[in-house]
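Reader: I'm new to this one. Can you walk me through it?

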Amino acid sequence: QYKEAREHRRAKVDASYKYIFEVLSVRLGLDLTTVEEMILDAPSLKAFDSFFAKGGSKTLKIFYQEGEAPGIECGRTIPGVVKGSQMMQLYVNNTPEKFMGLCLFFVRCRNDSPISAKTIHEDIFFGVLDATEGLLHGVKNMIGKIFLPAILATNNWGALSQTKQVTKYKQDFVETVNRYLSFLEGAVISIEGIVELKNIDYINFSKLQSFKEVTAAANNPDMVRQLEEVLMIWYRQIEQVLLESKQIRREADDSGSLTELEHWKYMSAKFNFIIEQIKGPNCKAVINVLSVGRSKLLRMWQELDARITEAANESKDNVKYLRTLEKVCQPLYSCDIVSMTRGIPSLINVIRIIHSVSRYYNTSERMTSLFIKVTNQMVRACRAYITDGGLSSVWEQEMSAVTGKIKDCMFLLKEFQKCFHETKPQILETLGEKTFEVSEMYIFGKSEAFCRRLKKIIEIITVVQTFSALSLSTIEGIDIMAIKFKNIYQSVEKKQYDILDPRKTDFDVDFVNFMAKIEGLEIQIQTFMRTCFGRDMSSQHALQLLQRFQNLRMPCLQEEILYTIGCILQHYVAELEATKKLYEIQKDNPPLARNTPPVAGKILWVRQLFRRINEPITYFHKKSNILASPEGKAAVQLYNRIAYVLMEFEVVYHNAWMNEISQLQFPLEATIFVCHPKTGKFLVNFDPKILEIVRETKCMIKLGLEVPEQAKKIVKIENNLKSKKLRLEHLLQCYEDLYQETPMVFVNLMAPKMKKVEAVLRQGLTMLTWSSATLESFFQEADQVLYIYKQLLKEV
């Protein structure tokens, strides 16, 4: 029957089962057949069926550890193994009574479809929980060595990645995992720290329970001597525990506030377990016998009992009060600087209560130690906050963001110190309370050192932000300075040590070297700037170059900039004198720009002179205070005199042009034709003054000057006038060509038609002007008579 059931189970084994068996075989170092036979020893394979089925279990657990050998109910006989003996076994979904081996587990994320043998390697996840050193050790190792690194390495957090708080949530989650790992560590330490009184196997304590047995033993000198020896063994064990508890604890330099609570939990568990053993039947039997026998060791034992009881009470009392710290200390473990800052008053108040109420913990040493641990945790939290939980170094982040974080941390630490100092006098004012008798040097020494380190980091960041302008500048030759700075910065950026650890003195050395190199580079930049202005250039160009140096906003250049402004002012005064002389020489016949009309050209010329002297003085006025100096005041006076003359020149010529245009007889009232005084031929009567007026008007408008209305009207019809002029010229050219083409023999014959053409054209000598509304009719009529004449000439 059992063999048939086993064969029935074997028949169910398919490719999916085989895959599971292969994974187990590789992990356990067993051959595939052995693994299969051990799995078939289980009375049922329902766990596998459920794991593979649609809608079934998402986990499959298999335990591998030593246990009692299976009997005939497994369906096979194991060679060399008798029933009741121990052997290694695989337990399928059936947790052993005491788990102390390996838990090999398979997990599927989805169960909305059955597992396929083709995709099983993609659909399931395999893991191992090693409990050979204890379950707590196994869970701790799995979370700390597998899950936590996987969390830290994960970048895709699904919908959470789309939120702005993704970094904060991830840090909180990681911190929660770390706190759980600390809890597991504390639990392991507490269990491993238990002290068991030595087991005495040569005395049968069960025969020392009744009054008669106790009395008989007390009357037996040998028994009394043996029990005294046993009592001294236990005494020395307990005495050793008490001595160790009084010794100075070895703790990490950066241990946090909750490590104090964990320590006293550990001590409480150790002392309470000893007391439980003292109250146990074996110890009671020994004490009863020695009490009846009036042993002299009892006084020593009673004193020891009182001491261990006092130690247990002390640890219990300390745990009770330190537990109140857990809630207020949680922000210190979440890297939430804002919550920490808000929670500082509550934290100080809880410590104050512990100091006031606790029977044992209010000593100067312990309160100092507690404050130091709070400081340690604050510094640790600040370091995590600045580096995003260790994911980003200081130099990998945006400088402005890092600076903001550092300032937040410095504010937190200063607020902690400020709140502490505000609380001390309040305690003195409260009746019945003694003030904090603690060492402030020890408490705030680390935080102050950390703040000093942060200030140095801010100094470097400030330097980096300042000198980063070098790479963005277009000043010729400054790229060499940018490269030099980059090399200096990289010498600090590439350091492998933790710059946020104030104990790392390497940083202080590197900081001094960095600042010394920066100071040298500043001198080089000053020399470079002096060289740039050593070249001959106008004040205008010099000020443009100076503006680019000022845009660097580098403090090291401020003195050099002030000196350069003074030099440029001296050069500017010389340029004012030169401009004045140039004006006097050229004012009657100034050089005009190409294609510029006379009046606008003169105004443009004088404006160019004005711009040459005005741009520098405007820069001096806006960018410096040098005009307030005696030299500056003299330059302003000279500028005002020259500027007045130049502006007067512009006003005079502009007003003269305005008057000329206003008084000018309207040129469009002239007839469109005139006769040549000698030849009598028709000529287009287009006044060149019109085009000059148009050009002058356009330039005046561009210069922002006032223009007469009649000049604006001419500009508006400029294209129309040019078009009419071209048509008239073409008309006269056609007339002249026809006249030339007419043979002399036909002149008399064509005379009537020629007179008709001339009659039409003569309208332009008397009746038609450039503004006449009938010009279009004239063009049509002239074209018609010319066409008739041309056709007739062809026929003739």
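Author: What follows is a short chat about the fold, the rings and the cysteines.

Author: This is a predicted model, where local features need pLDDT of at least 70, side-chain atom pairs count only at pLDDT 80 or more, and totals for chains, interfaces and linings use all residues. Residues are numbered from 1 along each chain as its sequence is written, and side-chain values use heavy atoms, with hydrogens and water left out.

Reader: How many helices and strands are there in the protein chain?

Author: The protein chain has 30 helices and six strands. These are DSSP runs numbered from the N terminus: helices are H or I with at least four residues, strands are E with at least two.

Reader: Compact globule or more spread out?

Author: More spread out, because the radius of gyration is 53 Å, well over the 28 Å that the globule rule gives for 796 residues. That radius is taken over C-alpha atoms, and the rule is 2.2 Å times the number of residues to the power 0.38. The C-alpha trace spans about 180 × 85 × 45 Å along its principal axes.

Reader: What share of the residues counts as buried?

Author: 43% of the 796 residues. Buried means under 20% relative accessible area, exposed over 50%, partly exposed in between (1.4 Å probe, protein chains only).

Reader: And the contacts?

Author: Take contacts with a separation of 6 or more: 75% of them join residues 24 or more positions apart. A contact means heavy atoms within 4.5 Å.

Reader: On to rings. How many aromatic pairs does a search of the whole structure find?

Author: It finds 26. Rings of Phe, Tyr and Trp (its six-membered ring) pair if their centres lie within 6.5 Å; planes under 30 degrees apart count as stacked, over 60 as edge-to-face and the rest as tilted.

Reader: Show me one.

Author: Y17 and F52 are edge-to-face, 5.2 Å centre to centre with 75° between the planes. Y17 is in helix 2 (residues 15-28) and F52 is in helix 4 (residues 46-52), so to speak of sequence, 35 residues apart.

Reader: Are those two buried or exposed?

Author: Y17 is buried at 2% relative accessibility. F52 is buried too, at 10%.

Reader: Which residues form a cluster with them?

Author: Y17, F21, F48, F51 and F52 form one aromatic cluster.

Reader: What about W605 and F649?

Author: Their ring centres are 5.6 Å apart and their planes are at 70°, so the pair is edge-to-face.

Reader: What sits over the ring of F779?

Author: The charged end of R727, 4.2 Å from the ring centre. The test is NZ of Lys or CZ of Arg within 6 Å of the ring centre and within 35 degrees of the ring normal.

Reader: Is C567 buried or partly exposed?

Author: C567 is partly exposed, at 33% relative accessible area. C283 is buried, at 1%.

Reader: Last one: where is L32?

Author: L32 is in helix 3 (residues 32-40). L32 is partly exposed at 31%. Leaving out residues up to four places away in sequence, L32 touches F21, E22 and S25.
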